[in-house]
Amino acid sequence: MAEELFHWINGERVKGKSGRFGDVFNPATGEVTGQCPYASKEEVDAAVANAKEAFEIWSETPSVKRAQVMFKFREIMLREWDNLAEAMGKEHGKTLPDAKGELARGLEVVEFATGIPHLLKGENSQNVGGGIDITSIRMPVGVVGGITPFNFPVMIPLWMGVMAVACGNTYVNKPSERDPSSSLMLAEMWKEAGLPDGVWNVINGDKVVVDSLLHHPDVEAISFVGSTGVGEYVYQEGCKHNKRVQSFCGAKNHMVIMPDADMDNAADALVSAGFGSAGERCMAISVAVPVGKGTQEALIERLVPRIEKLSIGAYDDPNADVNPVITMQAKERIEGLITSGVEEGADLLVDGRGARLQGYENGYFVGASLFNNVTENMNIYKTEIFGPVLSVTTPQTYEDAVRMVNEHEYGNGVAIFTRDGESARHFQRNVDVGMVGVNVPIPVPLSFHTFGGSKRSKFGDTQMYGPESINFFTKLRTVSSRWPTGGIKDGVQLAFPSN
């Protein structure tokens, strides 16, 4: 029987009251495993009201005490490591090693946030004129809404929420309705770590919840990760309601392979970056760009046997390389895009359509697919497929490869594989992409740097996690002060003070 899930409001489980629910599936079997409550506007209002009340206390909590909660949460997360990975595997479908990799990247941000007392230090200028001192201090903004995607149900809430609460804000997370259980587990772990009730809330649902957060007058900021269409809507609607908004969106990440690159290394990197997590990553490499015909031939010769060896499997299969995609609708969409690539004239060298696994006949599996001779006008080149599909397109010159990267509407991540330092240096300075890898296929920065794309991969001016996240989750206050002379330091003064 499917489990009825809940919201997490003011430090406790709260049953859904709207009467609306959505099915949560196991992608490997197609079975319904849970019923996710879809909150009403009134339920969102209740969560925000509790978060606003909790802000009054949490924002005044010394940063060193907030850091202590981060340390404790880290201990609990390590203890619950396997349980979190299991919950992700059952609802998202990703393999256990991939799930644990996601946990590690989320934990890095928790560890970074333990240094919040140092990160929140302001600036001071003494005696700028006439005994005046100027001090800049960082203040929390208030209630923060986080809208997080299905593909990283633990990592992204941690990327957003950890930095939000470390800065003294309260947080209301709207996770994906596809796989909400691990987000609810995080909330219970925060309570155990000593985070006060109302500081971290989880409200499940659909567009009703999103709009309620965007329109609520007591929500000061919104952080979003998801598709570009929704992300642009969130950014525009949030700004229209006078909120600060950061919106991280879709991608079409290229990997340029120069003729001098180590081809075996490049092929291994492409397979790992293209097919890990079934390609359901905004930083997945989905376009290989070998420069020149000879590079293309050498790369294809290595890619085909590597991709043909990849096996599909459920999350707990130790031999699985490619997990199922999140829904039947996603499977049908991905296979439809593969068909459109064939119809447009690309060469389908490895076909993952119609993949079936014995014992999991109703699972949402798509096998790894490889296209060759893809051109820039094809739909499979322009569209974010978000599945296990790699396209190879072959410019004749390095300059044309850079042009292709820069002319694409997305600019999340890009990589170049080469042994030549001059090419690498020119590349990293001249591509209009937020995150660049040099012989690194998925250039997601570590937590003490910062994450963010460009062009239609990001709306807003600030980045996620790292030092720059402090700019988003705090507001700068500048204080100019001058203290009158003739005060207590001059001792007793009985005469009427005058100039």
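These legends describe close-up views of a predicted model.

**View 1. Strand E5 pairs with strand E1.** Strand E1 covers residues 3-4, and strand E5 covers residues 31-37. The two run parallel and are joined by two bridges. Glu3 has Gly34 of E5 as its bridge partner.

View 2. Strand E4 spans residues 21-26 and pairs with E5 in the antiparallel sense. Six bridges hold this pairing. Asp23 is bridged to Gln35 in E5. Four residues lie between the two strands. Gly30 sits in the turn, with a positive phi of about 80°.

**View 3. Strands E6, E7 and E23 make an open sheet.** The sheet has three strands in the order E6-E7-E23, paired antiparallel. E6 (123-129) and E23 (474-482) stand at the edges. Each has a single partner strand, so one side of each lacks a neighbour in the sheet. From one strand to the next, the twist averages 25°.

**View 4. Strand E7 pairs with strand E23.** E7 covers residues 132-140. Nine bridges link E7 to E23 in the antiparallel sense. Asp133 of the pair has Ser481 in E23 as its bridge partner.

View 5. Cys282 is buried, at a relative accessible area of 17%.

Note on methods: Residues numbered from 1 in each chain as written. Predicted model: local features only at pLDDT ≥ 70, side-chain atom pairs only at ≥ 80, totals over all residues. Heavy atoms only, no water. Pairing = 2+ DSSP bridges. Buried < 20%, exposed > 50% of the residue type's maximum accessible area, 1.4 Å probe, protein only. Axes fitted to C-alpha atoms, helices over the stretch in contact; angles between N-to-C directions.
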